[in-house]
Amino acid sequence: MTWVNAVLQGILLGGLYALFATGLSLMFGVMRIVNLAHGDLSVLAAFLAFALIDAFALSSFVTLIVVVPAMAVLGYLVQRLLLERGLRAGPLAPLVVTFGLSVVLQNALLEAFSPDSRALPAGALGTASLQLTESLSVGWFAVLCLGLAVAVLAGLQLFLARTAFGRAMRATSDDRETVQLLGIDQRQVYAVATAIAFATLALAGVLFGMRTTFDPSIGPARLIFAFEAVIIGGLGSLWGTLAGGVVLGVAQTVGAQISPAYAVLAGHLVFLAVLVLRPQGILAPAGSRP
Amino acid sequence: MISVTSLDVRYGDAQVLFGVDLSVAEGETLAVIGANGAGKSTLLKAIAGALRPARGRIVLDGRDVTGLPAHRRYPLGIALVPEGRRLFPSLTVEENLRLGSYRGRPGPWRLDRVYELFPHLVALRRRSAALLSGGEAQAVAIGRALLGNPRLLLLDEVSLGLAPIVVRQLYAALPTVIGAGTTVLIVEQDVGLALAAADRVQCLLEGRVALEAPSAEVTREAVTRAYFGV
């Protein structure tokens with residue numbers, strides 16, 4: 001039963017990883033930008049929530065009403081003012097810009113919040129659990145995270161498939177020169193895609209903060225998990241990102257079942273195995289290349 | 001309706017167009033012909049806004065659009081069907097078409113009228129645009145541009161790489177487009193096709209206008225001379 005429990009907990013943890021990785025997947029899919037500051041931005045979102053709770057004694061969930069839109073606006077501005085200039089200088093420049101952003105964020109957070117570990121209060125929901133069988137129970141908070149991940153991914157998929165702006169976004173991803181000949185300002189499309197990516201990573205950042213502790217330097221370690229979820233699932237596939245997150249989560253909890261020290265290592269090993277055996281990702285369409 | 005005055009376009013150090021003048025009246029069809037590398041596609045790209053001219057003016061309906069980027073010219077009614085079709089491969093045929101009306105003008109061209117014009121696209125509407133034959137893709141590219149209800153339709157090398165029978169089918173759609181009030185500017189390598197489709201013809205030779213005449217009056221010798229510069 002402990003193994004079943006480990007797999008179950010892993011699936012739920014995978015929901016949070018998938019939610020976190022969505023923004024990375026979207027930014028790569030639309031703009032071919034690898035955002036190296038992705039992890040640090042999620043930590044920034046958690047610290048924003050922390051500051052709001054500190055000042056106004058809010059619940060962690062209420063801070064989302066402020067943090068998510070604020071991060072979306074930040075995303076829009078970062079794309080228009082920083083990454084757009086970088087894109088004009090070639091494909092490597094945005095990578096360097098996001099790396100710089102990562103360094104700046106880590107130091108600014110260290111300056112503002114000190115290197116102490118923090119956590120966001122999860123309230124009664126943090127400890128409440130649902131008894132499935134005598135020896136099997138799941139935390140409501142983890143269930144909520146998985147539910148939110150599925151809802152966000154489904155919403156994003158519908159947006160891309162059914163709305164005019166979503167179609168414009170997919171078209172821009174295909175051919176950014178030709179969309180301009182159809183009246184679409186590709187810079188606007190890019191900025192909105194980045195805003196969506198930042199909103200989802202902000203949501204994930206706050207949820208991460210409610211689940212475990214965070215400090216200003218934890219961003220790059222988080223980024224690895226997002227990378228692994230995206231690569232395992234298959235680049236450019238949103239449902240693949242969910243599958244990748246779940247596979248990573250299960251690998252970690254099963255690894256931890258063997259020995260707590262193996263949790264992260266098991267995740268990395270599964271990631272490497274996927275890279276060797278199925279580099280296009282587990283959910284990528286047959287015949288597509290990585 | 002559209003007038004281009006003393007247009008120079010360069011790619012870096014290489015100048016492609018030298019003081020090109022061109023004008024098309026409302027409802028008229030002009031064909032631009034010329035050899036490979038004469039600057040025909042460059043001229044269309046400059047009119048659509050995909051290239052910035054080094055010198056010269058482009059005026060649409062009395063409004064100077066020279067400084068406007070491509071994405072702001074489309075809503076004013078300039079639509080380019082680019083060389084090589086340039087469909088979006090991850091979108092279906094119908095999604096490609098719908099993208100044409102997204103930032104377009106209101107007008108007579110709607111999805112059902114495009115399907116009337118190219119009935120063979122109806123069966124393909126849910127197919128990925130990556131899986132079309134050249135002729136089908138060209139029909140989608142033309143339909144996509146029409147859905148923006150352009151005042152000026154720019155057609156770049158519609159016949160390129162297509163079988164003659166397919167080209168004839170595509171050109172058969174042109175009178176309907178012109179009948180709906182659209183002004184058309186065609187770039188074409190096939191001189192016979194160009195003369196048959198257009199009211200007036202203009203020949204480019206190494207980036208300069210070498211001949212301009214009504215299609216009915218132009219002689220084969222004059223075209224040959226302007227085309228090859230002999």
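Reply: Here are the answers, each set against its definition.

Reply: This is a predicted model, in which local features need pLDDT of at least 70, side-chain atom pairs count only at pLDDT 80 or more, and totals for chains, interfaces and linings use all residues. Residues are numbered from 1 along each chain as its sequence is written, while chains are lettered from A and ligands numbered from 1 in the order in which they are written.

Me: What makes up chain A, in helices and strands?
Reply: Chain A has 11 helices and two strands. Helices (H or I, at least four residues) and strands (E, at least two) are DSSP runs, numbered from the N terminus. Along the sequence, the pattern reads α-α-α-α-β-β-α-α-α-α-α-α-α.

Me: How much of chain A is buried?
Reply: Buried residues make up 47% of its 290 residues. A residue is buried if 20 or more other C-beta atoms lie within 10 Å of its own, exposed if 12 or fewer, and partly exposed in between, with C-beta atoms placed from the backbone.

Me: What makes the crossing of α2(A) and α8(A) right-handed?
Reply: A crossing is right-handed if the near helix is turned clockwise from the far one by less than a right angle, and left-handed if anticlockwise. α2(A) passes α8(A) in the right-handed way. The axes of α2 (residues 38–56) and α8 (residues 186–211) of chain A come within 7 Å and cross at roughly 60 degrees. Axes are lines fitted to C-alpha atoms, for helices over the stretch in contact, and angles run from 0 to 180 degrees between N-to-C directions.

Me: Why are β2 and β5 of chain B said to stand at the edges?
Reply: Two strands pair if DSSP finds at least two bridges between them. The open sheet runs β2-β1-β4-β5 in chain B, with antiparallel pairing. β2 (14–24) and β5 (63–64) of chain B each have a single partner strand, so one side of each lacks a neighbour in the sheet.

Me: How do you know that β1(B) and β4(B) pair?
Reply: Five bridges join β1 (residues 2–11) to β4 (residues 55–60) of chain B, and the definition asks for at least two. In β4(B), B:I58 is the bridge partner of B:V4.
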